[in-house]
Amino acid sequence: MRGSGSGSGSGSGRTTKRLWRWRSNPLRRADDTIEAWIILAMWAVLAVGGSVAGLLTAHAAAEGFAHQRAERHSARAVLLSAVPPAVPAVKGPGSRARAKVRWTAPDGTTHDGYAQVERGLRAGARTTVWQDDQGALTTEPTGPAEAAAEAVLFGVAAVFTVSGVTFGAGAAVRSRLDQRRFAQWGREWDLVGPQWGGRKAG
């Protein structure tokens with residue numbers, strides 16, 4: 001029972017210590033009140049601003065990826081030149097190479113250009129390329145699953161950015177307040193210190 005009471009009192013003491021700037025206290029200075037409002041504003045910005053920034057960024061990224069998928073279309077193309085085979089030890093991006101192809105645009109006209117295709121294909125082989133609404137070659141759009149994951153990452157990055165800027169600005173202001181308090185304490189000690197020094201012990 002005594003241990004439980006001690007724990008409760010300790011928790012209450014910590015809470016009181018955190019909220020001392022909001023309590024009526026003859027030792028509280030104007031800078032302490034300003035710092036209390038700064039801390040409150042920081043948490044408000046983090047809770048509201050961070051959430052809003054994250055949601056807006058994720059939504060904008062998702063819309064951008066959706067627009068990308070809507071304006072890019074796959075088309076069948078013919079290779080105009082052979083593509084050297086892939087090196088066995090090379091994987092990933094090395095399995096594709098730039099080659100000249102011929103494809104038909106949405107308006108029915110035929111175009112020649114260069115696109116990334118699989119290695120090892122011969123001239124005359126058919127492959128898939130991606131084009132925009134004007135028939136210009138472009139890259140493959142981001143798929144729905146990958147786009148959703150990237151949108152979430154963009155949103156999280158926005159939250160961390162807002163948090164970093166908020167904490168940085170708050171720390172700078174609080175550091176300035178600390179400097180003012182230290183300077184004020186120094187001036188007060190210059191007035192009170194000599195009086196203490198003149199006293200004799202015992």
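This is a predicted model: local features need pLDDT of at least 70, side-chain atom pairs count only at pLDDT 80 or more; totals for chains, interfaces and linings use all residues.
**View 1. The largest pocket and its lining.**
Welcome to the largest pocket, which holds about 260 Å³ of space. Its lining is made up of R96, Y114, A115, Q116, T128, V129, W130, L137, T138, T139 and E140. Three strands each supply at least two residues of this lining: β3 (110–118), β4 (126–131) and β5 (137–138). Sorted by class, the lining residues of the largest pocket are five nonpolar, four polar and two charged. Keep R96 in mind as you look around: R96 is one of the residues lining this pocket, and its side chain also takes part in a salt bridge with E118.

How accessible are the two partners, R96 and E118? R96 has a relative accessible area of 32%, and E118 has one of 39%. Both values lie between the 20% and 50% cut-offs, so R96 counts as partly exposed, and so does E118.

**View 2. The salt bridge between D112 and R102.**
Here D112 pairs with R102, and the closest N and O atoms of this salt bridge are 2.7 Å apart. Why does the pair tie together parts of the chain that are ten residues apart in sequence? It does so because D112 lies in strand β3 while R102 lies in strand β2. As for accessibility, D112 is partly exposed at 40%, and R102 is partly exposed too, with a relative accessible area of 39%. As a friendly reminder, side chains of opposite charge can pair when their charged atoms come close.

**View 3. A123 and its surroundings.**
To finish, this view turns to A123, found in the loop between β3 and β4. Which residues does A123 touch, leaving aside those up to four places away in sequence? The contacts are with L79, L80, S81 and A82.

Methods
Residues are numbered from 1 along each chain as its sequence is written. Side-chain values use heavy atoms; hydrogens and water are left out. On a 1 Å grid over the protein atoms alone, a cavity is a set of points where a 1.4 Å probe fits but cannot get out, and a pocket is an open set with protein on both sides within 12 Å along at least five of seven lines; lining residues have an atom within 4 Å of a point. Grid points are joined across faces, edges and corners, and a volume is the space filled by probe spheres set on the points. Helices (H or I, at least four residues) and strands (E, at least two) are DSSP runs, numbered from the N terminus. Ala, Val, Leu, Ile, Met, Phe, Trp, Tyr, Cys and Pro count as nonpolar, Asp, Glu, Lys and Arg as charged, and the others, Gly among them, as polar. Contact means heavy atoms within 4.5 Å. A salt bridge is a side-chain nitrogen of Lys or Arg within 4 Å of a carboxyl oxygen of Asp or Glu. Buried means under 20% relative accessible area, exposed over 50%, partly exposed in between (1.4 Å probe, protein chains only).
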